[in-house]
Amino acid sequence: MYLDDRRKDAFGVPEIQVRFSYSTADWAVIDEMRKAVDKVASTMQALLTPTDDLPAVCLVPPGADYHEAGTCRMGIDSSTSVVDRNCQIHGISGLYVADNSVLPTTGAANPTLTTVALAIRTADHIAGTFAGEANSHR
Ligand SMILES: Cc1cc2nc3c(=O)[nH]c(=O)nc-3n(C[C@H](O)[C@H](O)[C@H](O)COP(=O)(O)OP(=O)(O)OC[C@H]3O[C@@H](n4cnc5c(N)ncnc54)[C@H](O)[C@@H]3O)c2cc1C
């Protein structure tokens, strides 16, 4: 994702652009997933029925599911990530992110429960930090 200086919104803020393609590693995972789906289906003796429009096992086209993530990705290295393991912006004490953007990668599976669990964990961390500070002033 990058900011496009040639396209600006009404306030003059550059628009976000997305450049997307599957990497060789992605295709390897996709291939493994296809094989696993085939194996599960044959074990269950289920029929995977292709239609005119769709093969039996298919990829949802990029952009067809709405699980945006990764713009403030979590990681230990501030040169490749935005927030640390506690969802605090690297190097900025007290500034936290608690939404989908901290998920470094995502598939088609629904992300919201994971995001909510992470937000609760972040809130616990913030509360624990305040409790620690309060105790140290006693
Ligand atoms: C049609 C559809 C169906 C979905 N179905 C599912 C599903 O079944 N299960 C699932 O897990 N996920 C589903 N999702 C995905 C899920 O909705 C999102 O992953 C989730 O809402 C992301 O949460 P968030 O807090 O990161 O962002 P959001 O929910 O998008 O929250 C961002 C908030 O920031 C506000 N905002 C934006 N800009 C500003 C600004 N400048 N100042 C102040 N506020 C601002 C927005 O108004 C919004 O309220 C679906 C998404 C769509 C679009």
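Accessible areas are taken here from the Shrake-Rupley method with a 1.4 Å probe. On this basis the protein chain, which is a predicted model, exposes about 10700 Å², and carbon and sulfur atoms supply 58% of that area. Of the 138 residues of the chain, 16% count as buried.

The secondary structure consists of 2 helices and 2 strands, which follow one another along the sequence in the pattern β-β-α-α. With regard to overall dimensions, the radius of gyration of the protein chain is 21 Å, whereas a compact globule of 138 residues would have a value near 14 Å. Among the contacts with a separation of 6 or more, 36% are accounted for by residues 24 or more positions apart.

The domain assignment of the chain gives domain 1, spanning residues 23-59, and domain 2, spanning residues 63-138; the centres of domain 1 and domain 2, taken over C-alpha atoms, are separated by 33 Å. A separation in space also accompanies a separation in sequence for the pair R6 and H67, which are 61 residues apart along the chain and 26 Å apart from C-alpha to C-alpha. Of this pair, R6 is found in strand β1, which comprises residues 2-8, and R6 is classed as exposed because its relative accessible area of 72% is over the 50% cut-off.

On the surface, a nonpolar patch is formed by M1, L3, I16, V18 and F20, with about 570 Å² of accessible area together. One of these residues, F20, lies in the loop between β2 (14-17) and α1 (24-43), and F20 is partly exposed, since its relative accessible area of 48% falls between the limits of 20% and 50%.

In accessibility, Q45 counts as exposed at 74%, whereas C87 is buried, because its relative accessible area of 1% is under the 20% cut-off.

Technical notes:
Residues are numbered from 1 along each chain as its sequence is written. This is a predicted model: local features need pLDDT of at least 70, side-chain atom pairs count only at pLDDT 80 or more; totals for chains, interfaces and linings use all residues. Side-chain values use heavy atoms; hydrogens and water are left out. Patches are made of residues with over 30% relative accessible area and no salt bridge: like charges are joined within 9 Å, nonpolar side chains (Val, Leu, Ile, Met, Phe, Trp, Tyr) within 5 Å. A salt bridge is a side-chain nitrogen of Lys or Arg within 4 Å of a carboxyl oxygen of Asp or Glu. Helices (H or I, at least four residues) and strands (E, at least two) are DSSP runs, numbered from the N terminus. Buried means under 20% relative accessible area, exposed over 50%, partly exposed in between (1.4 Å probe, protein chains only). Domain bounds come from an automatic or database domain assignment. The radius of gyration is taken over C-alpha atoms; the globule rule is 2.2 Å times the number of residues to the power 0.38. Contact means heavy atoms within 4.5 Å.
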